[in-house]
Amino acid sequence: MATTAESLEREQKLEGVGCSKRRKEDPRFIQGKGNYVDDIKMPGMVFGDFVRSPHAHARIKGINKEKALALPGVVAVLTADDLKPLNLHWMPTLAGDKQAVLADEKVAFQYQEVAMVIAEDRYIAADATELVEVEYEPLPAIVDPHTSMDDDAPIIREDVADADEVGQGKRRHPNHIFSWDVGDKEATERAFNDAEVTVKQAMLNHRVHPSPLETCGCVASFDKVNNKLTVWLTSQAPHIVRTVVSLLSGVPESNVRIISPDIGGGFGNKVGVYPGYVVSIVASIVLGVPVKWIEDRIENLSTTAFARDYHMEGELAADKEGNIKAMRVNVLADHGAFNSHAQPTKWPAGLFSICTGSYDIPTAYANVDGVYTNKAPGGVAYRCSFRVTEAVYVIERMMDVLAQKLEMDPAELRIKNFIKPEQFPYQSALGWEYDSGDYHTAFKKVMDAVDYEGLRKEQAEKKARGEIMGIGISTFTEIVGAGPSKACDVLGVGMFDSAEIRVHPTGSIIARMGTITQGQGHATTYAQIIATELGIPSDEITIEEGDTDTAPYGLGTYGSRSTPVAGAATVNAARKIREKARKIAAHLLEVSENDLEWDVDQFRVVGSPDQTKTMKEIAWAAYNDVPDGMEMGLETVDYYDPPNFTYPFGAYVTVVDIDKYTGEASIRRFYALDDCGTRINPMIIEGQVHGGLNEGFAVAMGQELPFDEDGNLLGNTFMDYFWPTMVETPKWELDYTVTPSPHHPMGAKGVAESPHVGSIPCFSNAINDALMQFGITHVDMPHNAFRVWKTLHELNLDKD
Amino acid sequence: MQVKIEKVFTIDAPSASAWQFLQDISGVAGCMPGAEITEQVDDNNYKGSVKVKIGPATAAFKGDIEIKGIDADKRELHMLGTGADVKGTSSASMDLVAFVRDGDDGKCELVGNAAVTVNGKMASLGGRMMTQVSDQILKQFGANFANNVMAMGDGAAAEAAASKAAEQPKELNAFGLMWGVVVGFFKGLFGKK
C-alpha cells in the first residue's frame, strides 16, 4: 500500500509546484548560448538605420537622399513619401490614435524617425544616415504638459487638430487627447466638504524608461514566392503583433509568422509596435531580402516608449481619529507626441483606478487628462500592470501625508484603514472586486521583523544627535492578470491566454503557451505546474513559446499576466488531459473511472492500492489501447478567460540613513513581504522580487529622462541614466505570506511586478519620512544625492 | 538648451580702433576659432562655417550670419548666427550684442552679451558642458579680437599682436578647448567659497 512517505518521495521527484528548482533556461544563458534577435543571420540580409530629428518640433522643408544613395553599399533610403503609396507612413496605436512611422511633413519629438537607410552592412547604413540631408524649420516646442492646453500653445498634431476625438472620447484643445474619470464625483465632493481633516499634495511620477539590457529590433524576411512573411521580433506579445502586421500589410494572417526568440528583458518596453519594425517589414517586402534593424542604446532610451510622466494631485479626507472617508485624484498625463499608450483598449488610464489601494475608502473619484507634448510617445507599463505604479505611488504617499497632518504614526494609520480579511471579496469605491487578502497579518509580520517601534525610537535619538534617518512604509495592493475579456481587449481581441499540452507515447511532454518569457523563467515554472498536475517529472517537460506558427494564440507576457492567465490555462489543459487519462486508466484496469483516485503520478483503484496505472503507462496506452470510441493521442489546448483580475499585495519597510553633507541616502535595510498566493517556484519568485526591487530602487533613487526647455533629451545614455549595479544595489530581505486567489485554479496571483510597484513608494516614503521631521511634506523623485542635498541645503541642515 | 554669457575683454588699444575692427564682419568672424565667412550675400547677410575637431572626429557647422544692427552712437554691433552641423544631428544659434567702451589708461573694453542655443545631439550629449565650452570659445575669441585690434597700432607691441593674430588656430581645437574646460571646472570647484 502506498504510504504517505512514499507518495511524498514520488512527489518530490517530480520537482513540481513548491520546488525551488533551478531554472531550466539558465545553462544556455550562462554559457552565452542564448539566441536573440540580433543573433539571427540570413543570407542576403541587409541592415536598416534611422535618420532622426535633432529638433523636438520642426517642419520638414525637404529631404535630399542623393549623397546617401551615392555611397557604395546603400540599397535604399526610405522616407514618409515612399511609404505613402502603401498607406504605411502612419500606423494605428493601441490607444486608438495614430503614430507617424516616418515623419510626415513635420517632426514632433527629438530623435523622431525621419528616414531609414537600408545598406548591405550595418556600418555603411550608419555612415549613410549622416549623408541624408534634411532641412528643418524649427517650431516652438511644448515640454511642460501644464502648458499643452494654453490658448497660445503651438499645435503639435496638425493632422488631428480639428478632430473631435482621437480614439478616447471628446477633446477640448488641439493638444488634448482625452479626459477619463471614474467614481462618484458629487459624493466625493460632499465627503470632502464634511470632513474634519483633508490633505492635498501634488506629486510627479517622473518620466523614466524600462531600459531592458537588450534593445528592440527585428529581422523581417519576406518570401515572395510563397507570399510568406517571417519576422523575428523583440516582442512581449507576438500574436497580437501578427494580427496587426497582417491587417497592415494585407498578407493573410496564416502567412505571417512572428517569432520572439530569447528576449533580453522586456519590462513593458517590448509590448508595442515601433516604427523600426514597420519600416523593416515594408523594406523586406519591397526589396525581397531579409532586413535587420537593431536600435542602439541612445535610440532605445530616446524613442522606444517611456513610462510614467503622471503629474498627480492626491487628496484624502478623514476624521480626526484617522478613519479615511474619501479620496480624490487629479492627473495630468504627458503622453508625448502620439498617444501610443500601452493599454487595454477601453482603459485610457490603464488600471489607475486601483488607487484606493489596500484601504477601505468608502468614496472616491479619479480624473485623468491626457495631453500631447513634444516628447517621445509611449506610456508603457514599466514592470507593472497598466498605470498601477502611479496609482500605488499616489495612495502610499498620501497615507504618509495624512499621517503627518494627523500627527499619527503612518503605520497606525494604515492598520486602522486596511480592508479587513472578512471583507473579501471586497468591492472598491472605484469599481474593482479584490479577490483575497490579509493585510493585517502581513504587515504585523513585517513590523515585528524590523522592530518598527525600535526604529522610530532610534530615529528620534539620531535626530537629537543631528543625524538624519528615514523609515519608509508601503503596504500596497496590485491588480494584475489582465484580464477578463468583458473588461479588457487589445484591438478587439479579448485578453485571454492559452496553453497547449501534448503528451508523447513515452510520457514526456511538450507544451506551448500564448505568452513569452523575457527572463521570468517560464520554461521552468510552467513545467512545474504540469508536473504537479500530470505526475510527469518537470525535467521531461519542454515549454515552447514565442513562435506564432506553433503556439496557440495568446496576448503575451506583461502586467504579471503569465501565471494568472496562461498559468491557469496550463492547469486547465493539464486537468483535461488527466480526465482523459482517467478514462484510459479505467479501461486498462477494467474498472469504472469513479473507482479511481489520483495519487501524485498515477491512478489507483480505491480500496485496492496495488492496482495502479502511472501517467507514463497511460501515455503509452493513449497511442495503442484506448477505450472504444475514444480518439487516440493525449493532447489538448485550453483558452482561459479569467473571471477576475488577481490582487497580489505586500508590506515593505525600508530604513535609510542620509548623509546631511552630501544628500547621499544609503539603504540600510529593506524588508519585503510579498503575498502572491500559491507559490510555484520559491527561488524564481525570490529572483523576480530581487529584480523588481532593484528596478524600484532605480526609479525612486535615480532614473529619469530629463528635457531642457527646447525639448532636448538630456539623459539618454547610461552615462546619465541610472542603472544600479552590484555596487549600488542594497541587500534585500524577503518574506512571504500565502493568501491564494479563490478564482485561479491553483490560487496563484503573479509576482514579478509587485516589488517594483511596492518599493517605489517605499523608498520615496523613506526619504520623505526623513525630511518630514524637519517640516517638509513632500519632495519628488528621483531622490538622487543632489536633489536630496538641495532640500537639506534649503533647510540649512547641511552644515554643522 | 540655451546659455547666456556675458564677457568683458580689456584691450590695450584706443576704443576707436576696437570699434573700427568690430564693424569688419569678416574680421570679427575670423576671431572665432575655426570660423570663417564664406560668402557675403548682401550688406547685412553672410554665410559662414565653423569646424570643430575633437580627437579624430570633425564636426562642421554651416550657417547664416545676419547683422541685426550697427549703432555708431553706442558703438554696438548686434548679430545673429544660426547654423546646423552638416550631418543634420545638431543645430546651434548665437544672438550676440557686442559694444566697445573706454577703459582706464587709454585702454578699452569689448563687452559681449551672447545667448547661445544648441539643439540635437550636441544638447543631449554635451549640454552640461555648454557653459564651460562657450566660455572657452569666447576666451579665445576675446584674445584674437584684442590681438587684431592692437595690431592696428604702431610699434613693437602691435607687431607682436599682429604675429599672434596671424598664428591663431585655423580650426577650433577642442583638445585644447577641453583642457581649458577641465581646468576651468576644477578651478570653479575649489576656487569658490
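Me: What share of chain A's 800 residues counts as buried?
Reply: This is a predicted model, so local features need pLDDT of at least 70 and side-chain atom pairs pLDDT 80 or more, while totals for chains, interfaces and linings use all residues. Residues are numbered from 1 along each chain as its sequence is written, with chains lettered from A and ligands numbered from 1 in the order written. A residue is buried with 20 or more other C-beta atoms (placed from the backbone) within 10 Å of its own, exposed with 12 or fewer, and partly exposed in between. By that count, the buried share of chain A is 57%.

Me: How many helices and strands does chain A have?
Reply: Picture a C-alpha trace spanning about 85 × 75 × 50 Å along its principal axes. Helices (H or I, at least four residues) and strands (E, at least two) are DSSP runs numbered from the N terminus. Chain A's tally is 19 helices and 32 strands.

Me: Of chain A's contacts between residues at least 6 apart in sequence, what share joins residues at least 24 apart?
Reply: Two residues are in contact if their C-beta atoms lie within 7 Å. For chain A, the share joining residues at least 24 apart is 79%.

Me: Are α10(A) and α11(A) roughly parallel or roughly perpendicular?
Reply: Helix α10 (residues 388–406) and helix α11 (residues 410–417) of chain A pack with axes 9 Å apart at about 110°. Axes are lines fitted to C-alpha atoms over the stretch in contact, and angles run from 0 to 180 degrees between N-to-C directions. Under 35 degrees is roughly parallel, over 145 roughly antiparallel, 65 to 115 roughly perpendicular, the rest oblique. So α10(A) and α11(A) come out roughly perpendicular.

Me: Which residues of α11(A) does α10(A) meet?
Reply: On its own side, α10(A) brings M399(A), D400(A), L402(A), A403(A) and L406(A). Across from them, in α11(A), sit P410(A), L413(A) and R414(A).

Me: How are α4(B) and α5(B) oriented to each other?
Reply: Helix α4 (residues 130–150) and helix α5 (residues 155–167) of chain B have axes 7 Å apart and an angle of about 135°. Their contact includes N144(B) and M150(B) of α4(B), plus A157(B) and K164(B) of α5(B). The orientation is therefore oblique.

Me: Is R308(A) buried or exposed?
Reply: R308(A) sits in the loop between α9 (297–303) and β15 (310–318) of chain A, and its phi is positive, near 70°. D309(A), in the loop between α9 and β15 too, has phi near 65° and is buried with 22 other C-beta atoms within 10 Å. Around R308(A) there are 28 other C-beta atoms within 10 Å, so R308(A) is buried.

Me: Is M630(A) buried or exposed?
Reply: M630(A) belongs to the loop between α16 (615–621) and β29 (635–640) of chain A. Its C-alpha atom is 14 Å from that of K576(A), 54 residues away along the chain. Since M630(A) has 12 C-beta neighbours inside 10 Å, it counts as exposed.
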